[in-house]
Amino acid sequence: MNIAIVAGEASGDLLGSGLIRTLRRQRPDLVFSGIGGPRMEAAGMQVLFPMEKLAVRGYVEVIRSLREILAIRRALLRSLRAHKPALYIGIDAPDFNLGVERKLRACGVPTVHYVSPAIWAWRGERIRQIRQAASKMLTLFPFEAPLYERAGVAAAYVGHPLADMLHDYPSRETVREQLRLRADVPVVALLPGSRQSEIELMAESFIGAARRIAGALPETRFLVPLASRETRALFEAALHRHDAAELPVTAMFGHAHDAMAAADVVLVASGTATLEAALLMRPMVVAYRVSKLTARMVRRRGRVPYVALPNILAGEFIVPEFLQEDATAENLAQAVLNVLRDRTVRERVVRRFETIAGTLRQNNAARVADAILPMLPAAS
């Protein structure tokens, strides 16, 4: 029995791989195909198109890739209409997945959308499109499911798999020992983003901030986990371009959780990594840049005053955010130094993170299976 799954970026690849393994444990007859990354492929999914083609964020950035994305969607729909799956699961990537879900649902294919778009933050009108597209919505955050139920969309809160996964992560001391870092030196993890476009926009500010931090605290060490060879090459080129090759930087191929766990403070581009840092109980400073046009459109349609997930979940600013023109090297460096130098602030933030983690830790795998399996025909 075939299930089609589409994920559009690294966080979706992680969710998809866990979902595939969970469902296969209870239904060994299931086979999976669609769009995903290396984790989903390793879990046993047949990848029809590479996930990287969909990993685009921002209005202007999407427009540049629109022709190729639309061609992939047309080809995927042709394949799925010709060989109807028992279920379609769209993991995040709403601009791509909701349109596919709507057309398949109209053909009689049940659809699940896994990860709610941020309708509570902006583009609330999208709820109408979701009502047509999704047979069921699986939400990662507890306040989302009631919004859908009130709008007539079947929804289930399944908790966040990262909260389960990172609950017993090795301690900072253990990870530092593995990375051969002294226990008494300041360590800052730099996470400028997983996409090439994010590295291009954020690398200069992050490197400039690191230079200023090293100038104020010369013993500081920097860990930079990068998601691919391409993003690593871009970051290393930026180091040389800004005469920062002398910085005590350790570039890592992946291993973002190790980098965050070893750090005293994480300087991070807004996105899922901010939640990962919070679940690892690491204080952070958040920064983000998009094109000017994208920024204007988001500001005009935004509904909450925060962009970082820890702040959204807390309902207040608990970690500093620097966006667009405010995301300067000077601002980022000063914010990181403030956190490094203030133990009371670090402890207060960690207490808030503990509350967030407790709310999100819901045995995600079991909840996902409970939500999806009843939608499938019985095994033949």
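This report covers a helix pair, the nonpolar cores and the salt bridges of a predicted model.

## Basis of the model

Residues are numbered from 1 along each chain as its sequence is written, and side-chain values use heavy atoms, with hydrogens and water left out. The model is predicted: local features need pLDDT of at least 70, side-chain atom pairs count only at pLDDT 80 or more, and totals for chains, interfaces and linings use all residues.

## Helices α1 and α17

Two packed helices are described by the angle between their axes and the distance between the axes. Here the pair is α1 (residues 10–26) and α17 (residues 364–372). Their axes come within 10 Å and cross at roughly 65°. The crossing is right-handed. From α1, the contact uses Leu19, Thr22, Leu23 and Gln26. From α17, it uses Ala365, Val368, Ala369 and Ile372. Six of these residues are nonpolar, two are polar and none is charged.

Some terms need their cut-offs. Helices (H or I, at least four residues) and strands (E, at least two) are DSSP runs, numbered from the N terminus. Axes are lines fitted to C-alpha atoms, for helices over the stretch in contact, and angles run from 0 to 180 degrees between N-to-C directions. A right-handed crossing has the near helix turned clockwise from the far one by less than a right angle. Contact means heavy atoms within 4.5 Å. Ala, Val, Leu, Ile, Met, Phe, Trp, Tyr, Cys and Pro count as nonpolar, Asp, Glu, Lys and Arg as charged, and the others, Gly among them, as polar.

## Nonpolar cores

A nonpolar core is a set of buried Ala, Val, Leu, Ile, Met, Phe, Trp, Tyr and Cys residues joined through side-chain atoms within 4.5 Å. Buried means under 20% relative accessible area, exposed over 50%, partly exposed in between (1.4 Å probe, protein chains only). The largest core has 80 residues. Those with the most contacts inside it include Ile3, Ile89, Tyr114 and Ile372. Helix α16 (residues 343–360) gives the largest share of this core, six residues. Another core, of 32 residues, lies apart from it, with Leu239 and Val339 among its members.

Leu23 lies in α1. It is buried, because its relative accessibility is 0%. Not counting residues up to four places away in sequence, Leu23 touches Ile3, Leu30, Phe32, Ala369, Ile372 and Leu373.

## Salt bridges

The structure holds ten salt bridges (a side-chain nitrogen of Lys or Arg within 4 Å of a carboxyl oxygen of Asp or Glu). In one, Asp264 meets Arg172 at 2.8 Å, N to O. Asp264 sits in the loop between α11 (256–262) and β11 (265–269), and Arg172 in α8 (residues 172–179), so the bridge ties together parts that are 92 residues apart in sequence. Asp264 is buried at 16%. Arg172 is partly exposed at 30%.

Arg182 bridges to Glu219, with the closest N and O atoms 3.7 Å apart. Arg182 is in the loop between α8 and β8 (187–191), and Glu219 in the loop between α9 (196–216) and β9 (221–226), 37 residues apart. Both are partly exposed: Arg182 at 46%, Glu219 at 43%. Arg343 and Glu347 also pair, at 3.0 Å between the closest N and O atoms. Both lie in α16, four residues apart, about one turn of the helix. Arg343 is exposed at 58%, whereas Glu347 is partly exposed at 38%. Shared partners join Arg172, Arg176 and Asp264 into one salt-bridge network.
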